[in-house]
Amino acid sequence: MKKILLLLLVTCCLTACYDNLEERAQKECIEYTEKKCPTPITNNTRVDSMVYESQTRTIHYYHSLFNEADNAAAIRQNQAELRKKLLDGVRNEIALEKYKEAGFNFRYTFHSGKNPSKILFDVTYKKGEY
């Protein structure tokens with residue numbers, strides 16, 4: 001009987017932590033977007049927003065590219081390098097540790113600064129990749 005009660009208690013705690021982490025991700029994305037976005041343009045890149053997509057448990061970063069970085073041909077040519085740099089960023093970002101442990105996805109979408117409806121690059125990293 002004690003084992004059953006203990007198992008129920010642990011299950012409830014884990015479920016509560018899961019829900020809280022989801023809520024935390026949603027809240028942090030909203031706060032970041034409201035307070036910091038759009039960010040100043042740095043290295044021809046600007047962060048436009050950060051969104052939490054609960055259906056897929058994905059933290060989604062939207063960026064715009066400007067000047068010489070706003071070049072679809074150059075991005076296609078350097079796609080592997082860009083993927084690696086972003087993946088290294090996910091792997092090394094300490095602030096994402098709880099989300100990585102929980103198996104969240106991380107998605108990066110880069111739009112043209114001249115033509116915001118044009119997606120230049122889009123990649124998602126899932127658990128096992130990072």
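How many of the eight residues of strand S3 (residues 105-112) are buried? Seven are, which leaves S3 mostly covered. The model is predicted. S3 belongs to an open sheet of four strands, ordered S1-S2-S3-S4. The cysteines form zero disulfides.

**Sheet layout**

- The pairing in this four-stranded sheet is mixed.
- S1 and S4 are the edge strands, and each pairs on one side only.
- Neighbouring strands are turned by 15° against each other on average, with direction ignored.
- Strands of a sheet pair through backbone hydrogen bonds, either parallel or antiparallel.

**S1 with S2**

- Strand S1 covers residues 45-53.
- Eight bridges join S1 to S2, and the two run antiparallel.
- Ser-49 stands opposite Tyr-62 in S2.
- S1 and S2 make a hairpin with four residues between the strands.
- In that hairpin, Arg-57 takes a positive phi near 50°.

**S2 with S3**

- Strand S2 covers residues 58-65.
- Eight bridges join S2 to S3, and this pair runs parallel.
- Ile-59 has Phe-106 in S3 as its bridge partner.
- Ser-64 has His-111 in S3 as its bridge partner.

**S3 with S4**

- Strand S4 covers residues 119-125.
- Six bridges join S3 to S4, and the two run antiparallel.
- S3 and S4 form a hairpin, with six residues between them.

**Helix over the sheet**

- Helix H3 (residues 79-92) lies across S3 and S4.
- H3 runs at about 45° to S4.

**Cysteines**

- A disulfide needs the two sulfur atoms within 2.5 Å.
- Seen from Cys-37, the closest cysteine sulfur is that of Cys-29, again at 9.8 Å and too far for a bond.
- The disulfide count is therefore zero by this rule.
- Cys-29 is buried, with a relative accessible area of 1%.
- Cys-37 also counts as buried, at 16% relative accessibility, because the cut-off for buried is under 20%.

Terms used
Residues are numbered from 1 along each chain as its sequence is written. This is a predicted model: local features need pLDDT of at least 70, side-chain atom pairs count only at pLDDT 80 or more; totals for chains, interfaces and linings use all residues. Side-chain values use heavy atoms; hydrogens and water are left out. Buried means under 20% relative accessible area, exposed over 50%, partly exposed in between (1.4 Å probe, protein chains only). Two strands pair if DSSP finds at least two bridges between them. Axes are lines fitted to C-alpha atoms, for helices over the stretch in contact, and angles run from 0 to 180 degrees between N-to-C directions. Contact means heavy atoms within 4.5 Å.
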